[in-house]
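Me: I have this one open on my screen and would like to go through it piece by piece. Can we take it slowly?

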Amino acid sequence: MGMTFLPWLRDGIAGSLAVPDDSAAATNRGILAVGVSLGGVPVAVPAVTVLGPGDVVGIDPGQIVRVDPPPGYQRHEPNHWPLIEFDDPSYLWAFAPTAAGANDRLRPWLSLVVVEQRDGVAVTPDPARSISVLTIADPALPSAELPDPSTLWATAHVQVAGSVPDAATLTDVLASRPERTLCRLVCTRPLEAGRSYHACLLPTFAAGRDAALGLTPDTGAALTPAWSGTETSVTLPVFFSWSFSTGDQGDFVSLAALLQAQPCPDTVGRMDLSVVDEDAGVDQVLQMSGLLRAPGSDPGESPPDLAAYLAEQVTHDASRRRLAQPLYAGAYAGAAGVTVDDVGWLAELNLDPRHRTVAALGAAVVEDQQEQLIAAAWEQAGQIRAVNRLLTGGQLARAVSNRAHATLAALPPESMLRVTGGLLDRVRQGEVSAAALRAPASGGRDGLLPTTSTLAAEVVAALAPSITVPARVLSRIVAPGRPSPDELLDPLAAQVVAPRFDTPMYVHLARLAPQFVLPGAGRLGADSITVLEVNPAFIAAFLAGLNDAMSRELVWRGMPVDRRATFFRQLFDHRTGSQADPGADIEALAAWDATTGLADQVLRRDQLVLAIRGQLLARYPRTAVAAVPAAAGGGPELADDSLVIDPGFSGFVEPDIRFFGFTLDRTTVGTPGEPSYFVLQEQATETRFRAPTTLDLGGTSADVAAQTVRNPTVVAIPIAPLIAGGGQ
């Protein structure tokens with residue numbers, strides 16, 4: 001859409017002021033000559049005096065829409081100008097008592113100054129007024145802290161979103177699209193790295209200074225600035241202020257330029273795993289992949305002798321008086337053990353020490369978070385204990401009632417009806433089935449009442465404990481989502497629960513065992529950018545161990561839990577665009593195909609990860625990251641938003657690595673129509689200005705804005721070269 005800068009904007013009668021801003025005749029109040037005629041005859045009337053800066057003692061804070069840097073920010077780029085923006089685009093010239101002077105320059109009645117927090121500089125509240133006071137005195141110098149008053153015209157401008165080809169368009173925008181306009185003050189003071197500053201909104205003119213300080217301004221005197229630059233000390237009113245600090249030198253462009261794209265070294269994402277059991281004579285070292293690894297990395301198969309050793313370890317042997325090691329996820333597969341000849345994910349998980357290690361990490365998370373997890377599980381389970389007490393009590397009542405009901409059913413019809421007594425009235429009132437009431441009378445005659453035997457049969461059926469006891473018990477249970485009694489094999493069966501935790505578990509893995517996320521992360525170069533891939537078998541093993549341990553813990557805590565329930569299905573916080581997507585990483589464990597491997601259980605198996613190490617994202621954490629195809633003429637395709645692929649998840653590896661995951665096939669990236677570039681884009685929602693090496697003050701303030709505005713930077717990195725050679 002672009003933007004248009006204007007040097008100033010006047011509204012109302014102030015637009016008729018005629019004395020130029022750079023004229024020696026300019027005073028603190030503007031004078032307008034008014035022409036009046038009656039019947040065509042000119043009539044002399046006094047000139048109109050327009051309010052000026054000496055008539056203002058404060059501002060409307062509601063006019064301020066943005067400041068940059070934000071208050072309290074501690075990493076502001078030293079080469080970016082601080083600024084303040086106002087909603088009304090004419091606000092900065094509302095009390096300027098003159099017209100624009102030479103070169104279309106007009107000083108605003110407010111100015112933004114930035115002073116260093118140092119000895120001799122203080123911003124203190126004025127208890128008598130709703131302002132603060134800036135004082136600059138020895139050892140500080142006003143001339144070193146305050147801008148040259150003759151350049152203040154260059155610090156204010158108007159911004160209009162979109163193009164403004166003529167005055168009519170501007171008038172229409174101001175009237176109907178006010179959200180497209182604002183006015184802005186910048187401070188052009190050079191800033192130094194690692195310093196703290198006060199940003200202060202001050203009156204530009206001496207009359208405004210005096211009025212705000214409670215002095216009597218000479219409104220008819222010549223228009224002079226609030227400071228001259230030659231004083232040894234100054235006291236100035238502050239209408240609005242905030243503080244900030246600068247970070248190290250370097251902005252988005254310079255920090256992005258430091259990034260070096262490189263294929264992932266084959267030593268990154270791998271680690272050694274020692275398997276030692278002195279009693280069994282086991283002592284081997286295996287290569288193990290972490291959660292993230294180099295593309296195409298393959299640590300190889302586990303030796304068969306280790307599989308045989310582990311098969312024995314997970315099998316309980318009473319004769320040897322030892323406890324077996326845990327059989328991870330055995331309950332989900334309906335297995336009590338595995339043998340060295342078994343294939344599929346269960347054997348892979350339990351007979352490869354690398355996958356068992358990862359499953360143990362999942363179990364460690366449950367151990368670490370057990371109290372919080374158990375509390376959350378019971379909260380989800382609600383009143384399950386009370387419900388099951390009712391249900392088991394109902395089972396007992398049904399069993400006892402069945403014997404009594406059998407005795408009742410064996411009585412002759414007349415005797416049974418005498419025993420049941422008052423039920424006959426309920427039968428006649430329709431509480432027993434309508435079919436019985438319509439039955440033919442004895443002897444073949446049609447009648448209004450059924451035969452005694454038919455009526456007795458209906459009463460016996462109505463008293464069946466299989467109907468009456470569940471109806472009574474279930475009427476006391478409110479369980480949303482519970483199947484109806486007709487859908488259950490036994491409506492009085494004790495209930496089991498399956499708590500579900502949609503919290504992504506990566507944060508717990510990274511906190512407890514960061515070395516397993518990206519082994520060898522330190523081997524990535526400083527200020528580097530590379531591509532990794534997600535290890536799907538790691539995800540499956542970790543979540544299998546996590547769910548298995550949670551199931552065991554819930555049983556140990558006495559919760560009536562479904563042992564084959566999947567409590568955790570997410571490792572990463574998957575996102576699509578800006579909307580949270582609670583999509584799982586795995587299917588329910590009980591549905592895993594027993595004949596397939598661990599990696600096959602992960603729903604997103606093709607996941608490439610862009611890893612960035614360095615200062616850029618630490619300084620600019622809101623940087624947009626995406627994958628895009630190549631444009632027809634070469635380079636990244638940035639014009640068509642529908643082709644942009646946003647990361648599905650992101651994460652952090654200590655101390656300075658950020659990563660972003662994409663569902664991409666590494667064998668097809670770079671081909672026509674497929675993503676070819678990763679792009680990093682500086683946030684483009686807010687206008688900023690960068691101090692140039694040299695500032696041209698030969699034009700208007702709009703020209704100053706145009707030559708210093710910072711257009712958002714986009715960095716594009718080809719994907720294919722980052723994958724080539726990776727993991728080799």
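Me: Which residue in E10 stands opposite Thr-124?
Reply: Thr-124 faces Val-133 in strand E10. This is a predicted model, where local features need pLDDT of at least 70 and side-chain atom pairs count only at pLDDT 80 or more, while totals for chains, interfaces and linings use all residues. Residues are numbered from 1 along each chain as its sequence is written, and side-chain values use heavy atoms, with hydrogens and water left out.

Me: How many bridges join E9 to E10?
Reply: Strand E9 (residues 121-126) and strand E10 (residues 131-136) run antiparallel and are joined by six bridges, strands being DSSP runs of E with at least two residues and helices runs of H or I with at least four, numbered from the N terminus. Two strands pair if DSSP finds at least two bridges between them. E9 and E10 form a hairpin, with four residues between them.

Me: Switching to rings, how many aromatic pairs are there?
Reply: The count comes to 15, where rings of Phe, Tyr and Trp (its six-membered ring) pair if their centres lie within 6.5 Å, with planes under 30 degrees apart called stacked, over 60 edge-to-face and the rest tilted. One of them is Phe-95 with Trp-109, edge-to-face at 5.1 Å centre to centre and 80° between the planes. Both residues sit in the loop between strand E7 (83-86) and strand E8 (110-116), 14 residues apart.

Me: Is Trp-109 buried or exposed?
Reply: Trp-109 is buried, with a relative accessible area of 2%, whereas Phe-95 is partly exposed at 24%; buried means under 20%, exposed over 50% and partly exposed in between (1.4 Å probe, protein chains only).

Me: And why is the pair of Tyr-506 and Phe-659 called edge-to-face?
Reply: Their ring centres are 5.7 Å apart and their planes stand at 90°, so the pair is edge-to-face. Because Tyr-506 lies in helix H16 (residues 506-512) and Phe-659 in strand E26 (residues 657-662), the pair ties together parts that are 153 residues apart in sequence. Tyr-506 and Phe-659 are both buried.

Me: Last one, which residues of H14 are buried?
Reply: In helix H14 (residues 452-462), Leu-455, Ala-456, Val-459 and Val-460 are buried. Seen down the axis of H14, the buried residues fall within an arc of 140°, so they line one face of the helix, the arc being that of the directions from the helix axis to the C-beta atoms.
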